[in-house]
Amino acid sequence: MTLNTLWFIFIAVLYTGFFVLEGFDFGVGILLPFLGKTDTQRRTIINTIGPHWDGNEVWLIAAGGATFAAFPNWYATLFSGFYLPLFLVLIGLIVRGVAFEFRSKDENPLWRSVWDWCIFAGSLLPAILLPIAFSNLVRGVPINADMQYIGGFFNLLNPFALLAALAVTLLMIFHGAAFLSIKTEGELEKRAKAVVRSTWLLVVLILVIFIITSFIVADVRQRLSVLPILFPILGALAILASGYFLRKDQYGRVFLMTCLTVAFVVLTIFAFLYPRVMVSSLNPLWSLNIENAASSFTTLRLMTIVTLIFLPLVLLYQGWTYWVFRKRVSGDEKKLTY
Amino acid sequence: MNVLLLARLQFAITIIYHFFFVPLTLGLSLMVAVFESIYVATGKEKYKRLTKFWGKLFLINFAIGVVTGIVQEFQFGMSWSEYSRFVGDIFGVPLAIEALLAFFLESTFLGIWIFGWERISKGLHLATIWLVVVGSYISAMWILIANAFMQHPVGYTIEDGRAVLTDFYAVITNYPIYSHFPHVLSAGLVTASFFMLGVSAYHLLKHNETEIFRISFRLASAVGLVATIAVGLFGHTQGQELLDTQPMKLASLEALYDTENPASLSILTIGNPVTHEVLLDWRVPGLLSFMEYNRFTGEVQGILPLQQLYEQKYGPGDYVPPPYILYWSFRTMVGAGLLMILISLVALIIELKNLYAKVPWFLKLLPFAVALPYIANTTGWILTEVGRFPWVVYELLKLPASVSVALGGGEILTSLIGFILVYGLLITATVYLMFKFAKAGPTLASESPAEFNPSLVTPPEGQ
């Protein structure tokens, strides 16, 4: 395996980590105003992801930084081409991050309500826009011979991308509800479980439609190999298994399955892409791939060493935080951290 | 619509805004860690209250620093895609390493620190804040390594029109790092000290929580004095380095139009920024040579000969960074710095001799002095970065060749207006909360049920 392929895998892993982890806290953020009827309930919901969301978000920043270092042309074309969606993602992440920290620091109900809706909007915006960006990578966008995106904003809002946005956002809400089911108690737990139960069928249907459509829209049929078939199948099995555990009332396993579903959906996108990183709809020769978008051998080798040392360390201490906060968050007002 | 101009404006606004919060994060995290260390060592409750009080203010500041930092990570690709293509092979590396080594560390352990008070042992909890401190310092180091490449590119070769890494060791030991990194770290401590002095003075005047705020005042005045002097010394080193590496920046910040030996230091120079015609020029002979060479002779090159030299080397164009911006940024920064040395010295004397009751006017001034480090940080940053003009990467890549090709004027105008609106609202909320918690004192900070937490009733299934 070449270093270029290895780096494609690293970046796939970073984005997968991001969508699995931040996926449920986006879901929790979207559900916040609807599941939390009282202020205490809303605080309880926030506290389920309180210690984690920031660390989860770093996966996106690390993925962005790794793309910059390993595939500068990918970073440059993608970020400048998808300018407005990424700007809106940034605005979402900004107001959301501040809202978590600020919302409980004042008693005023209006203050809290505004920040709660900031968490909602700040979770929903990236949950919609990031799938739009990723689905366009495989669908193909107008990239010219100079590696420049020339499609404009509305070209990105094609039906396939909107379907991806719908499917992934729903999946994140489902994923977030599954997380809340195992992290809350009493009334909140009941409501979260009700969301999981009532959305399951819808999520399965939309995901299946999305996967089938992606086989039609993307050029994957001309370049079939093992992984582009295996990953969607595993994803489908995971979401079906979540239904099985749902019926047995084992929500811890439901959550495990939603983690796997999200992971395989993201991995499917990357399997469809490989060895391209951005498909040009104008001319296949103008697509960006792991060779023409990459950094030098020296840089890739250096980054490989750094990543192999530090990524396991990150996994270890982030895993530890989930262990520290493994218990359910009590809805008892006196015990809540603000 | 001028995309380049808008992209520059957006970058300037977002980075200055971001750097408004970074120094306080760097400095205050260390102070909070010191208080918590004393608490763990002595078990005295007052140090826990100190930790929680300053910790609360630290968190408000940290949140906005983090979210505005994400913008920078994305903005290189969004608005400066051609720059990113040109330097990605080198510049992307410290950015990726920063995320991997520093951001994960900071964000993960800060999460535990906030929510883990009653959940993990005291020693472990203390370790988490120290890891946050280490994380933010590692972060500062890597971003300054990246910046050093823009100021003074090393360890690369040009292949197919882009810079390619040849010597990573040269990149991470690039000369500006040795002066910039300690300069920024001490600036962080200065910011935290003045922040602490201002808030403590406010409470001491009201005889509110005197014990708590005497301790804060003592730490802040001592650290403040050492750190303000350190900032000045490392800044002085940077000034001397300019002589060899960025003579145009030096000439512009001194408004020195002709080469001089011995070179004079400007007291007040007023000129036409476009024609470079000097209207008024009061200078002290030999003083600039002294600053640069530690003796009263030595040549310092002027703007006009340097402009000619650059035109010969790099073709026609404007190679003069706006002298009025550099000149006044430099003087504002140095002025604020000198004033802060004086203030922290007086503050330390007041604390050591217990003169609080005798000089209420000084205590009344201190809350206003909190503005000084912010003024110095901002002007210092402007000086360093605007002084690179017209180069994005010094003597290698110019501004027009860096901006995104795919970007339309409408897009960047939209985002610029969006950032200004959102940032404007956020600074309002931040300042409001800062004032609220700073004024309320330690009781509010520890009361708002900061005590943990998610009580452990039943373990979730599957575990």
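The structure is a predicted model, in which local features need pLDDT of at least 70, side-chain atom pairs count only at pLDDT 80 or more, and totals for chains, interfaces and linings use all residues. Residues are numbered from 1 along each chain as its sequence is written, while chains are lettered from A and ligands numbered from 1 in the order in which they are written.

**Chain A**

Along the sequence the order is α-α-α-α-α-α-α-α-α-α-β-β-α. Along the principal axes, the C-alpha atoms of chain A fill a box of roughly 60 × 40 × 40 Å. Of the 338 residues in chain A, 59% are buried, that is, 20 or more other C-beta atoms, placed from the backbone, lie within 10 Å of the residue's own.

**Helix 11 of chain A**

Next, select residues 297-324 of chain A, which form helix 11. The 28 residues of this helix should span 40 Å at 1.5 Å a residue, and its end C-alpha atoms are 40 Å apart, which agrees; the expected span is 1.5 Å times one less than the number of residues. Centre the view on Thr307(A), where helix 11 bends by about 30 degrees; the bend is the angle between axes fitted to the seven residues ending there and the seven starting there. Thr307(A) is also buried, as are Thr299(A), Leu300(A), Met303(A), Val314(A), Gln318(A) and Thr321(A) of helix 11. These buried residues pack against helix 1 (3-35) and helix 3 of chain A, together with helix 3 (81-115) and strand 2 (162-165) of chain B.

**The contact with chain B**

Now show both chains. The contact takes 75 residues from chain A and 71 residues from chain B, two residues being in contact if their C-beta atoms, placed from the backbone, lie within 7 Å. Elements of chain A that give two or more residues to this side include helix 3 (53-70), helix 7 (159-183) and helix 10 (251-273).

**Confidence**

Finally, colour chain B by pLDDT, the predictor's confidence in each residue, from 0 to 100. Chain B averages 92, and 96% of the residues score at least 70. Select residues 448-463 of chain B, where the pLDDT is below 50. Where pLDDT is low, the predicted coordinates should not be read in detail. The model scores ipTM 0.93 and pTM 0.93.

Notes: Helix = DSSP H or I, 4+ residues; strand = E, 2+ residues; numbered from the N terminus. Buried ≥ 20, exposed ≤ 12 C-beta atoms within 10 Å, placed from the backbone.
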